[in-house]
Amino acid sequence: MAYRKDSAVNWCPDCQTVLANEQVIAGLCERCDNAVTKKKLNQWYFKITDYAERLLDDMKALEGKWPDKVLTMQRNWIGKSVGAEVTFEIEGRAEPITIYTTRPDTLYGATFMVVAVDSELARELAIGGKVESEFKTYFDSVKAASDIDRLATDRPKSGIFLERFATNPVNGERIPIWASDYVLADYGTGAIMAVPAHDQRDLDFAQAMKLPVRTVVETDGEDPATSGIATAGEGKLINSGSLNGLSSEAAIAKINSELAAKKLGKAANNYRLRDWLISRQRYWGTPIPIIHCEKCGEVPVSLDQLPVKLPDATGLDLKPKGTSPLATATDWVNVPCPKCKAPAKRDTDTMDTFVDSSWYFLRYTSTNTHDAPFDKNEVETWLPVDQYVGGVTHAILHLLYSRFFTKALHDMGYVSFTEPFSRLLNQGMVLKDGSAMSKSRGNLVRLSDELENHGVDAIRLSMVFAGPPEDDVDWSDVSPAGSAKFLNRAWRVSGDVTSKPGVDFNTGDLALRKITHKSLHDIGIAVESFRFNVAVARVMELVNAVRKAIDSGCGGADPAVREAGEVIAIALSLVAPFTAEEMWERLGHKPAIALAGWPIFDPKLLVEDAVTAILQINGKIKDRIEVSPTITDAQLQALALANPGVIAGLGGATVKNVIVRAPKLVNIVI
RNA sequence: GCCCUCGUAGCCCAAUGGCAGAGGCAGAGGACUUAAAAUCCUCCAAGUGUCGGUUCGACCCCGACCGAGGGCACCA
């Protein structure tokens, strides 16, 4: 699962450390927004690519439980592609070259081959030939270009002919081999067959280098050789020997089995996902628990020595300088080899902090466990996390790594589940003048002033009420003053209640009780579906209703008023706990409201005495009538057809159809 | 270029395919007050981005377009 390799890695010159692919956003460092360069280094990796297929597959079970957006981003990041590997013989080389393609059906249209200029393969093909110096010049110019330049898709194609030839296995055709930077060294095999007629990149290259274009899939599109637009869609195969006349899909199946039979190729998949580079040249991080011994090689620190703790930072230069600060802590670095006891050295890099966040939720269940990372029983009791809440900024980084860790730990027998977070909510950000409030940019408003002016309950309430939790909210739309006003209004209700705690609510005003229980029902549903803004609105309604009851209805002594007041206090305790607690005590209860529990609504009180039925003709409202909620379709239809407004509206026209949805609606079609 | 999400009163936002408004902000008027604040009451506003389609009926489903936001982008 962990291995070390030499590779050209992402390097942030500003942070002076390496970065994982996931931490490079459009060529820029995720942390500091500076351009990332490449550096050849020997670093540690986790084999997340072994889990690519399962990370992709298991997302099916997260559909509807995680935001689609996050699932899409992870699918894009994993980037599965289905295709085939095909082997080409090379003139003057014993070993053939294997290429990866998603369109094996276009094999007859391959008019040249391209290898990544920065691949070992290109180097080997060029060195010793007459293009060696030309190749080196091109290679150096490519190396000098930044990642950002390289990411531009509208860049003109560049490359050099290596003066070497490959043989197309299906038709024996001799095709030239080119080196270019539009082929990536670390994807697939670093070499492609170029089919200019049906791949835009290949066509651009062919036109730039005056290479032939041969159409092998007949589509509605214009001839790519003259239009300059590759026809990438499916069609009927032509100029393709035994594949002629087949659809693309059938051709792919046929060519794959033919190649497999001749051992010239096979169906294969590829993933955009790369292994996770976890080494960092940092002090703050988890030391890599490996000891390097000249004789024994990489030796893991023994179990009883774990975890490896960082050396005292005193006296160490912790400023980023491109090498690990731990290397200078010689007392810490120099240790005997656990195997042969000869002098050896600790690995001086630390791990990416995303390694820590990939399993912290396991540790959180087991804070009293000191001889293991986590306690299996505790983990099984508490996990997986039922509801996870986090920003969409971690859609790929933290959330993909955590899923990978969980699966790997599952396979090693440490946990029984394969997904860490059953449900995910992406909360939105708070914006001020277009910028997000964040750790790096700060609050952007003086929170102390806001708290001083309005109180923490009002601030929290107004944030919750401003909109759905997954939406961003602009600070100018947050109204702590309005919330403070509402909290006051709610709080005053608790002072207007004159009945004693424990009074029998059943003797209270029925109309108000119905409103209270309907509110309770609706608030519960809103909270459980994370529509907190709606839940708050329902509490506001209830406050309005009880205010009216106190001032001009049943009065503050009615038990129903107490019931409503208590429901308001308990509901508010979710977002305004201080106000709610005061209300609770003013209502004559002992602390704390948190112990009061959630009241159960009475289904009988949800039944309305009468409902308004809408009478429509052709979908247009003609009248409204009050009816019993238990009225039947037939009864309602009869009432509708006898309604004066309806009769007038019909004007004697023939009724074609009557749609009845008792007790709410009748629609008469004429 | 490809993919996803979202467009409802001046603003933030609600509405199992069935009365477009639940709630709030802002605004107007009134009550209380010597006055103001606070409080209470009342009022105010959109026909749901545009154009089609499906349906007895569409903010809701489908298609195209416009606009905003986000993701991916030389991955063969």
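In this briefing a residue is called buried when its relative accessible area is under 20%, with a 1.4 Å probe and protein chains only as cover. By that criterion Thr 579, Ala 580, Glu 581, Met 583 and Trp 584 are buried in helix H20, which comprises residues 577-586. The model is predicted. The points below are grouped by topic.

**Confidence of the prediction**

- The mean pLDDT of chain A is 87, and 98% of its residues reach 70 or more.
- Among the elements of chain A, the lowest mean pLDDT, 63, belongs to helix H5 (residues 147-151), whereas helix H11 (residues 360-364) has the highest, 96.
- For the complex, the predictor gives an ipTM of 0.90 and a pTM of 0.85.

**Overall form of chain A**

- Chain A contains 22 helices and 31 strands.
- The radius of gyration of chain A is 35 Å, whereas a compact globule of 670 residues would have a value near 26 Å.
- Taken along the principal axes, the box filled by the C-alpha atoms of chain A is roughly 100 × 85 × 45 Å.
- Of the 670 residues in chain A, 44% are buried.
- Chain A exposes about 34,100 Å², and carbon and sulfur atoms supply 54% of this area.
- Among contacts in chain A between residues at least 6 apart in sequence, 65% join residues at least 24 apart.

- Two bridges link strand E5 (residues 37-46) to E15 in the antiparallel sense.
- Tyr 45 has Leu 277 of E15 as its bridge partner.

**Strand E10 and its partners**

- Strand E10 (residues 174-180) is mostly covered, with six of its seven residues buried.
- Strand E8 (residues 112-116) pairs with E10 in the parallel sense over four bridges, and Val 115 stands opposite Ala 179 in E10.
- Strand E9 (residues 160-167) runs antiparallel to E10 and is joined to E10 by six bridges; Arg 164 has Ile 177 of E10 as its bridge partner.
- E9 and E10 form a hairpin with six residues between the strands, where Gly 172 takes a positive phi near 70°.

**Helix H17 and Lys 514**

- Helix H17 has 19 residues and spans 27 Å from its first C-alpha to its last, close to the 27 Å expected at 1.5 Å a residue.
- The buried residues of H17 include Leu 512, Arg 513, Lys 514, Thr 516 and His 517, as well as Leu 520 and Ile 523.
- These buried residues of H17 pack against helix H18 (532-552) and helix H19 (559-572).
- Lys 514 lies in H17, which covers residues 510-528.
- Lys 514 counts as buried because its relative accessibility is 17%, and the cut-off for buried is under 20%.
- Leaving aside neighbours within four places in sequence, Lys 514 is in contact with Leu 605, Val 607, Glu 608 and Asp 609.
- The C-alpha atoms of Lys 514 and Asn 377 are separated by 46 Å, and these two residues are 137 apart along the chain.
- Just after H17, Phe 530 takes a positive phi of about 60°.

**Helix H20 and its packing**

- The buried residues of H20 pack against helix H15 (456-465), helix H16 (480-496) and H19.
- Gly 588 follows H20 and has a positive phi, near 95°.

- Strand E28 (residues 611-617) and strand E29 (residues 620-627) run antiparallel and are joined by seven bridges.
- Gln 616 has Ile 621 of E29 as its bridge partner.
- Two residues lie between E28 and E29 in their hairpin, and Asn 618 in the turn has a positive phi of about 50°.

Terms used: Residues numbered from 1 in each chain as written. Chains lettered and ligands numbered in written order. Predicted model: local features only at pLDDT ≥ 70, side-chain atom pairs only at ≥ 80, totals over all residues. Heavy atoms only, no water. Buried < 20%, exposed > 50% of the residue type's maximum accessible area, 1.4 Å probe, protein only. Contact = heavy atoms within 4.5 Å. Pairing = 2+ DSSP bridges. Expected span 1.5 Å × (residues − 1). pLDDT = per-residue confidence, 0-100. Rg over C-alpha atoms; globule rule 2.2 N^0.38 Å. Areas by Shrake-Rupley, 256 points an atom, 1.4 Å probe, with all protein chains shown as cover.
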